Amino acid sequence: MSATPTTADFQVTGMTCGHCEMSVREELEELAGVSGITVSAQTGTLRVETDGTVSDEAITAAVTEAGYSAERV
């Protein structure tokens with residue numbers, strides 16, 4: 001049985017520029033199961049598309065690793 005694709009939205013604090021977006025994107029791309037990432041420093045939003053096997057905790061940990069904080073919305 002395969003996992004169901006999911007989309008999760010997060011509010012990210014601390015991002016101010018394109019480099020911030022790139023840092024978040026790079027950390028999330030390392031997570032197996034992530035199929036799409038939309039991140040905006042201007043709005044502080046993050047949308048992550050996954051195959052359904054990636055936990056919110058793994059996503060927020062990746063954002064933390066990039067130097068920011070995220071909360072599911």
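Glu21 lies in helix α1, helices here being DSSP runs of H or I with at least four residues and strands DSSP runs of E with at least two, both numbered from the N terminus. The structure is a predicted model, in which local features need pLDDT of at least 70 and side-chain atom pairs count only at pLDDT 80 or more, while totals for chains, interfaces and linings use all residues. Residues are numbered from 1 along each chain as its sequence is written, and side-chain values use heavy atoms, with hydrogens and water left out.

Glu21 is buried yet has no salt bridge. Buried denotes under 20% relative accessible area, exposed over 50%, and partly exposed the range in between (1.4 Å probe, protein chains only). A salt bridge requires a side-chain nitrogen of Lys or Arg within 4 Å of a carboxyl oxygen of Asp or Glu. For Glu21, the nearest side chain of opposite charge is Arg25, 5.0 Å away; Lys and Arg count as positive and Asp and Glu as negative, whereas His and the chain ends are not counted. When residues up to four places away in sequence are not counted, Glu21 touches Met15, Val39, Ser40, Ala41 and Gln42, contact being defined by heavy atoms within 4.5 Å.

Two further glutamates of helix α1 were examined. Glu27 lies in helix α1 and is partly exposed, at 21% relative accessibility. Beyond its neighbours within four places in sequence, Glu27 is in contact with Ala62, Glu65 and Ala66. Together with Glu29, Glu30 and Glu65, Glu26 forms a negative surface patch. Patches are made of residues with over 30% relative accessible area and no salt bridge, like charges being joined within 9 Å and nonpolar side chains (Val, Leu, Ile, Met, Phe, Trp, Tyr) within 5 Å. The place of each charge is taken as NZ of Lys, CZ of Arg, CG of Asp or CD of Glu, and accessible areas come from the Shrake-Rupley method with a 1.4 Å probe, only the protein chains shown counting as cover for residues.

Ala66, a contact of Glu27, lies in helix α2. With a relative accessibility of 17%, Ala66 counts as buried. Ala66 and Met22 are 44 residues apart in sequence, and their C-alpha atoms are 9.3 Å apart in space.

Side chains of opposite charge can pair when their charged atoms come close. A search of the whole structure finds 2 salt bridges. In one of them, the side chains of Asp9 and Arg47 meet with an N to O distance of 2.6 Å. Asp9 belongs to strand β1 (residues 6-13) and Arg47 to strand β3 (residues 45-50), so this pair ties together parts that are 38 residues apart in sequence. Both partners are partly exposed, Asp9 with a relative accessible area of 25% and Arg47 at 39% relative accessibility. Asp56 forms a salt bridge with Arg72, the closest N and O atoms being 2.8 Å apart. Because Asp56 lies in helix α2 (residues 56-66) and Arg72 in strand β4, the pair ties together parts that are 16 residues apart in sequence. Asp56 is partly exposed, with a relative accessible area of 27%, and Arg72 is likewise partly exposed, at 41%.

Strand β4 (residues 69-72) also contains Glu71, which is exposed at 56% relative accessibility. Not counting residues up to four places away in sequence, Glu71 touches Asp9, Phe10 and Gln11. Glu71 and Asp9 are 62 residues apart in sequence and 8.5 Å apart in space, C-alpha to C-alpha.

Val54 is placed in the loop between β3 and α2 and is buried, with a relative accessibility of 15%. Apart from residues up to four places away in sequence, Val54 touches Leu31, Ala32, Gly33, Val34 and Ile59. The C-alpha atoms of Val54 and Thr6 are 9.1 Å apart in space, and these two residues are 48 residues apart in sequence.
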